[in-house]
Amino acid sequence: MATAHSRSAARLMISPAVLLLLGWMLIPLSMTLYFSFLRYNLLMPGAHDFIGFMNYRFFLTDPAFFSALINTLLLVGGVLVITVFGGVLLAILLDQPMWGQGIVRVLVIAPFFVMPTVSALVWKNMFMNPVNGLFANIFRALGMQPFDFLGQAPLASIILIVSWGWLPFATLILLTALQSLDRDQLEAAEMDGAGPLSRFFHIMLPHLARAITVVVLIQTIFLLSVFAEILVTTNGGPGYATTNITYLVYAQSLLQFDVGGGSAGGIVAVILANIVAIFLMRMIGKNLDV
Amino acid sequence: MAHTPTKGRKLLFTLIAWTIGFLIFFPILWTILTSFKTEAEAIASPPSFVFFDWTLDNYVEVQERSAYFRHFWNSVVISVGSTVLGLLVAIPAAWSMAFVPSKQTKNVLMWMLSTKMLPPVGVLIPIYLIFRDAGLLDTLTGLVIVVMLINLPIIIWMLFTYFREIPGEILEAARMDGAGLRSEILYVLTPMAVPGIASTLLLNIILAWNEAFWTLNLTAAKSAPLTAFIASYSSPEGLFYAKLSAASTMAIAPILILGWFSQKQLVRGLTFGAVK
Amino acid sequence: MRRSIWAAGAVSVLAFTAAAHAETITIATVNNGDMIRMQKLAEDFTKNHPDIQLEWVTLEENVLRQRVTTDIATKGGQYDVMTIGNYEVPIWAKQDWLVALDDMPDGYDTDDILPSIRSALTYEDKLYAAPFYGESAMVMYRTDLAEKAGVEIPDQPTWTDIKKAAEAMTDKSNEVYGICLRGKPGWGENMAFLTAMANSYGAAWFDKDWKAQLDSDEWKAAVNDYLDMMNEDGPPGASSNGFNENLSLFQQGKCGIWIDATVAASFVTDPDESTVADKVAFAQFPNKEGVDNHGNWLWSWNLAIPTSTDSEDAAKQFIAWATSKDYTKLVADKEGWRAAPPGTRTSLYENEEYQKAAPFAEMTLNSMQAATPDKPSVQDVPYTGGQFVAIPEFQGIGTAVGQMFSAALAGQMSADQAIQNAQQLTNREMTKAGYPK
């Protein structure tokens with residue numbers, strides 16, 4: 001089917017997209033790479049001296065760097081675990097016969113439409129605030145001391161906020177996948193005396209494997225660069241407790257206006273993202289015949 | 001028999017599902033309710049759910065302070081513009097990857113996705129400089145381009161997974177009838193792909209609507225969308241929960257309503273090839 | 001018939017040229033109450049300047065600072081008027097980023113600007129920004145709670161006085177916290193307060209060779225007292241409370257003492273916004289016994305024009321309006337004298353009506369006049385400033401150090417650990433920036 005003619009036509013058709021993305025990636029990236037070798041602070045214009053790898057040395061030996069690496073992994077991992085587990089459970093629940101399924105689905109899908117800044121502002125102020133937040137009110141009504149979420153469990157709180165936004169996405173994909181499951185297969189298994197757990201592990205879960213892979217892939221892409229939620233709620237603190245790589249790069253380039261240092265951080269982040277990308281590609285390759 | 005559910009079981013599932021659905025939706029509901037309270041009521045302890053004096057003052061004040069409709073219109077232009085432009089670039093690309101796959105297809109696709117993993121802050125200053133020199137700062141054109149570029153990989157991938165499900169035989173048949181490449185795409189493929197394109201369109205409008213880094217950093221007054229509008233309510237002096245809630249409601253309501261009305265179309269294509 | 005078409009055409013041509021002449025200036029400002037009021041009152045300006053249109057970009061302080069700095073440093077030219085602090089003004093003026101405001105229109109009366117503010121905004125004898133409002137820091141406390149607890153706060157309290165009073169006022173079961181202080185990380189948030197507090201303990205950021213002094217005994221004493229007070233008598237979640245959060249807590253009657261910017265006084269005494277408006281009294285920023293330093297807090301929000309603007313004249317006219325005596329009068333007419341933007345003009349403090357309406361006027365003026373930014377610490381230091389160090393690197397360093405102290409306040413780190421980290425990272429950043437210069 002793929003003749004030489006159609007192949008060259010295909011190449012022609014894909015080229016605008018490839019060229020655009022290549023330009024979008026290479027032009028700023030090469031500028032960033034160049035800046036990363038300069039002493040370049042926005043607040044001190046004038047000559048930008050070439051300083052070799054000094055920016056990299058400072059970025060990699062920054063005490064915040066290691067914490068940021070760990071926090072990034074915890075954040076991505078935490079949200080993935082919550083949304084995938086929660087998503088599978090919710091999808092199974094929504095797949096059951098019930099009244100008003102459409103309305104429940106509308107309710108569950110809603111957080112996905114809320115912009116991250118808004119959701120972070122709402123959670124921080126109206127729910128997690130230890131004096132005026134709703135949680136504090138509930139705690140007090142139960143006779144307990146209010147809990148300072150963003151002070152005492154900052155990363156967990158951010159994971160919660162981000163998970164709330166992504167749970168609907170996971171649920172929807174998993175639900176669609178579940179609905180495509182062959183009912184006869186399930187019934188047959190039930191006839192054979194397979195219990196609900198065994199049906200879940202032997203039939204549903206294998207069927208959902210592809211969908212779970214997709215959820216993990218797409219969410220990872222977005223979760224690696226979680227930023228607004230952190231900026232609005234904790235500013236990366238207290239200490240470095242909620243500083244992820246993206247936020248660290250932000251702090252370098254836009255709080256200190258150290259473009260050189262920020263660029264070095266950006267390049268490091270790109271390298272790390274690529275490692276994750278390779279890892280993901282392997283996983284996808286196994287589970288998804290793209 | 002177990003699989004024809006009894007009324008009791010159905011009732012139980014209904015109860016659980018409604019409870020969970022309500023809990024997930026609650027933060028949004030609470031924001032909407034709070035937006036109709038006075039500032040004092042918004043922080044009252046214990047809080048009141050519905051039995052308070054409903055007021056529209058917060059909305060009036062927010063509208064007085066910021067030109068909501070201009071921000072709203074900018075959001076519409078940016079999200080719709082970037083999505084449509086993205087589709088124009090993505091449809092041919094996804095078509096060619098789906099129907100004329102080569103050894104490189106998978107790598108190209110993965111590479112495209114990996115461009116989305118770059119932290120935007122790392123390249124803000126270069127982009128800012130480029131935008132300044134091109135005169136694109138604070139213009140809708142500039143934002144449409146940038147938002148299109150950051151979502152392009154997702155658009156291509158969604159379309160690709162959708163196109164791949166279209167059986168090749170149909171194309172063969174069309175070719176036998178002497179259809180050229182153009183008419184192949186226009187009359188055979190596109191109609192079949194409409195549901196996929198529709199849901200790609202919807203998802204990307206949502207993503208673009210909520211994009212908060214570039215839209216905030218590359219705009220000033222003229223082209224600032226709702227993400228910038230909400231940023232001016234983030235931490236003002238004094239009591240602000242009710243005003244914040246009103247501004248939040250105004251920022252999310254349009255996309256929430258669009259999402260709810262079109263959720264069937266959205267969900268249909270949201271599978272990213274996860275369902276065979 | 002034909003004539004009327006011609007007439008209509010002429011009118012529309014005229015309208016078109018008028019529109020073409022209308023100049024649009026973009027004003028970037030902070031979402032603080034005073035600026036939001038300015039935006040509301042701007043009709044008074046456009047009414048008299050029909051050829052100038054105003055576009056507003058109102059943002060939260062940190063976001064605003066990041067945006068205007070990026071723009072001015074890259075000469076992006078997106079803004080014609082910027083709201084900036086007295087920290088930025090001399091640094092930016094030195095880079096030739098700002099238009100000098102030495103030819104303000106007649107009647108502007110530059111000499112009326114408070115001397116301390118005026119000198120903070122002057123670089124090489126030229127004024128580079130016009131102050132919109134100014135502030136020092138002082139103690140605000142609840143007279144009813146003090147009375148109930150049987151404590152008295154003198155006009156010039158020491159930290160021991162404050163600590164005692166805070167302890168006595170605290171009543172956690174009724175959600176009354178003896179003391180509210182900033183804990184949110186940021187050079188303009190918790191570090192503004194902590195730097196001022198450290199100054200009043202006799203501490204300094206750097207010695208004469210630009211070596212960090214955060215691990216000195218004075219800093220340790222200040223930080224430990226701060227943490228003790230906040231842990232025992234502060235509100236929950238203090239590590240994310242900045243100026244605005246504390247203002248809101250105080251207005252709700254949840255704080256006994258609040259030590260912060262003097263500008264807060266007009267908000268906490270505003271009966272429409274504050275539940276404790278008639279129960280507030282004021283005192284000078286505390287010091288440690290035997291240290292002749294009351295923090296040296298001096299801040300002003302100012303309007304300035306970037307050199308990258310192409311509407312310099314229109315921008316200047318706007319600034320002249322917004323920082324004039326007439327604007328103060330306009331606010332007074334609309335919302336009463338208490339609401340007038342404080343801390344910029346001598347004439348305001350000489351105005352009897354203002355003195356009557358604003359019980360905090362005298363304390364504000366005294367605090368501002370007592371601040372000596374030229375000599376921030378009792379020690380000999382190589383820098384100027386007050387609640388900040390006036391070097392470009394301070395934003396980054398202050399914010400990073402602020403994170404440490406915020407973590408200590410949240411209980412995630414011990415005080416010693418926080419001080420040690422702060423000391424190390426400050427030295428690190430200073431080395432990176434090439435100090436001593």
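Author: Gladly, and please keep in mind throughout that this is a predicted model. In chain C there is an open sheet of five strands with mixed pairing, and the order of its strands is 2-1-3-11-6.

Reader: Which strands are at the edges of that one?

Author: Strand 2 (52–59) and strand 6 (130–135) of chain C are the edge strands, and each of them pairs on one side only. Between neighbouring strands of this sheet the average turn is 20°, direction ignored.

Reader: In what sense do strand 3 and strand 11 of chain C pair?

Author: Strand 3 (residues 81–85) and strand 11 (residues 299–304) of chain C pair in the antiparallel sense, over four bridges. As for individual residues, Gly85(C) has Trp301(C) in strand 11 of chain C as its bridge partner.

Reader: And which strands does helix 2 of chain C touch where it packs on the sheet?

Author: Helix 2 (residues 33–41) of chain C touches strand 1 (23–30), strand 2, strand 3 and strand 6 of chain C, and the direction of helix 2 makes about 155° with that of strand 2 of chain C. Helix 13 (residues 312–322) of chain C packs on the sheet as well, touching strand 1, strand 2, strand 3, strand 6 and strand 11 of chain C, and its direction makes about 45° with that of strand 1 of chain C.

Reader: OK, on to the other sheet. What is the strand order in the open sheet of four strands?

Author: The order in that sheet of chain C is 8-9-7-10, with mixed pairing. Strand 8 (177–180) and strand 10 (280–284) of chain C stand at the edges with a single partner strand each, so one side of each is left without a neighbour in the sheet. Neighbouring strands of this sheet are turned against each other by 20° on average, direction ignored.

Reader: How many bridges join strand 7 to strand 9 of chain C?

Author: Five bridges join strand 7 (residues 137–142) of chain C to strand 9 (residues 255–261) of chain C, and the two run antiparallel. Met138(C), for example, has Asp260(C) in strand 9 of chain C as its bridge partner. Helix 11 (residues 243–251) of chain C lies across strand 7, strand 8 and strand 9 of chain C, and runs at about 145° to strand 9 of chain C.

Reader: Stepping back a bit, how is chain C divided into domains?

Author: Domain 1 of chain C takes in 23–128 + 299–357, while domain 2 of chain C takes in 137–297 + 379–432. The centres of domain 1 and domain 2 of chain C, taken over C-alpha atoms, are separated by 28 Å.

Reader: How many residues of domain 1 of chain C are in contact with domain 2 of chain C?

Author: Eleven residues of domain 1 of chain C are in contact with twelve residues of domain 2 of chain C. On the domain 1 side, the elements that give two or more residues are helix 4 (61–73) and helix 5 (88–94) of chain C. By class, that side of domain 1 of chain C has six nonpolar, three polar and two charged residues.

Reader: And chain C as a whole, how does its radius of gyration fit a compact globule?

Author: The radius of gyration of chain C is 23 Å, which agrees with the value near 22 Å that a compact globule of 437 residues would have. Of the 437 residues in chain C, 57% are buried. The secondary structure of chain C comes to 19 helices and eleven strands.

Reader: Last topic: how many residues of chain B are in contact with chain A?

Author: 83 residues of chain B are in contact with 87 residues of chain A. Helix 1 (residues 7–34) of chain B gives the most to the chain B side, with 16 residues. The residues on that side of chain B divide into 60 nonpolar, 19 polar and four charged.

Key: Residues are numbered from 1 along each chain as its sequence is written. Chains are lettered from A and ligands numbered from 1 in the order in which they are written. This is a predicted model: local features need pLDDT of at least 70, side-chain atom pairs count only at pLDDT 80 or more; totals for chains, interfaces and linings use all residues. Domain bounds come from an automatic or database domain assignment. Two residues are in contact if their C-beta atoms, placed from the backbone, lie within 7 Å. Ala, Val, Leu, Ile, Met, Phe, Trp, Tyr, Cys and Pro count as nonpolar, Asp, Glu, Lys and Arg as charged, and the others, Gly among them, as polar. The radius of gyration is taken over C-alpha atoms; the globule rule is 2.2 Å times the number of residues to the power 0.38. A residue is buried if 20 or more other C-beta atoms lie within 10 Å of its own, exposed if 12 or fewer, and partly exposed in between; C-beta atoms are placed from the backbone. Two strands pair if DSSP finds at least two bridges between them. Axes are lines fitted to C-alpha atoms, for helices over the stretch in contact, and angles run from 0 to 180 degrees between N-to-C directions.
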